[in-house]
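Visitor: I would like to learn how to read a model such as this one, feature by feature. Could we go through it together, with the general idea before each case?

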Amino acid sequence: LEKERLSATSLIDAMMRDFDPGARRKSRLEDRTDQLIKSLQAHVAAKRRCVLVIDEAHTVPLVTLRTLKRLWDLTEGFKQLLGILIIGQEPLIGTLRTVGMEEVLERCPVIRLKGFRPADVAGYLVHRLRMAGHPKPESVFEESAVKAITDETHLVRRPGEKPSKELTFNKPLLVNCVARTAMELAFEMPGDQDWETALWERHGVGAEWERLGRAFYNLGVDV
């Protein structure tokens, strides 16, 4: 679904397709909502848990996010009919704190993915490769490659008005982007070329890479 155009109707239709694919959907939204509730009740009775996952939620219209409260409030006795997980980037925090979103935020524990220290980049890359199914994730990046990726994604933040020291962190999104580019370059380039310089040039000393770096710098991350 296109998140920018996601509506309550399209959300209910998508859930009906997944939770009750054989059902013949009603034409009126109220009737389809009743169908969805009955489908969720059947899943609960069968001891199956249903979860709605919305990725890129920072692009979802505000009015659609408000409807999540009504979906969250669906219960069968003391049992929740539907779990909801919304995943998004930093702007989502601001959206949840806007006027009119108080009831949604009250029902929405917020977990923020923190940046990690440079020393943790190697372990993070191994973890991502292992989750992707690589049989030997430790063998993909040599030590020099890990150092180059770490240096390319290394940001510095000075917390507070009178910092006593610098805190450094690496954002997972940046690490993912640079690691992917490093693997693409390793596939494309002959072994005798300066791939570290090529890695920097591929992302560009130019405006887009600097803009992305400054954006994360300005957002700040608790470390």
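Visitor: Leaving aside its neighbours within four places in sequence, which residues is L71 in contact with?

Guide: Please keep in mind throughout that this is a predicted model. Once the neighbours within four places in sequence are left aside, L71 is in contact with L11, M15, L36, L52, L82 and I84. L71 belongs to the largest nonpolar core, which has 26 residues, and together with M15 it touches the most other members.

Visitor: Which elements each supply at least two residues of this core?

Guide: Contributions of at least two residues each come from α1 (8–19), α2 (29–45), β1 (51–54), α3 (62–72) and α4 (91–96). The largest share is that of α1, with 5 residues. Apart from this core lies another, of 13 residues, and F116, Y124, L125 and V175 are among them.

Visitor: In helix α2 I notice S39. Is S39 buried or exposed?

Guide: Here the cut-off is needed, since buried means under 20% relative accessible area. S39 counts as buried because its relative accessibility is 6%. Not counting residues up to four places away in sequence, S39 touches F19 and D20; S39 and D20 are 19 residues apart in sequence, yet their C-alpha atoms are 6.3 Å apart in space.

Visitor: How should I read a pair of packed helices?

Guide: Two packed helices are described by the angle between their axes and the distance between the axes. In this model, the axes of helix α6 (residues 121–131) and helix α8 (residues 172–188) come within 11 Å and cross at roughly 70°. That angle makes α6 roughly perpendicular to α8, and α6 passes α8 in a right-handed crossing.

Visitor: Which residues of α6 and α8 meet?

Guide: From α6 come V121, Y124, L125 and R128, and they meet P172, V175, N176 and A179 in α8. Within α6, the residues V121, Y124, L125, V126 and L129 are buried. Y124 and L125, together with V175, are also among the residues of the core of 13. After α6 comes G133, whose phi is positive, near 100°.

Visitor: To finish with the whole chain, how many helices and strands are there?

Guide: The chain has 10 helices and 6 strands, and of its 223 residues 35% count as buried. Among the contacts in the chain with a separation of 6 or more, 59% are accounted for by residues 24 or more positions apart.

Terms used. Residues are numbered from 1 along each chain as its sequence is written. This is a predicted model: local features need pLDDT of at least 70, side-chain atom pairs count only at pLDDT 80 or more; totals for chains, interfaces and linings use all residues. Side-chain values use heavy atoms; hydrogens and water are left out. A nonpolar core is a set of buried Ala, Val, Leu, Ile, Met, Phe, Trp, Tyr and Cys residues joined through side-chain atoms within 4.5 Å. Buried means under 20% relative accessible area, exposed over 50%, partly exposed in between (1.4 Å probe, protein chains only). Helices (H or I, at least four residues) and strands (E, at least two) are DSSP runs, numbered from the N terminus. Contact means heavy atoms within 4.5 Å. Axes are lines fitted to C-alpha atoms, for helices over the stretch in contact, and angles run from 0 to 180 degrees between N-to-C directions. Angles under 35 degrees count as roughly parallel, over 145 as roughly antiparallel, 65 to 115 as roughly perpendicular and the rest as oblique. A crossing is left-handed if the near helix is turned anticlockwise from the far one by less than a right angle, and right-handed if clockwise.
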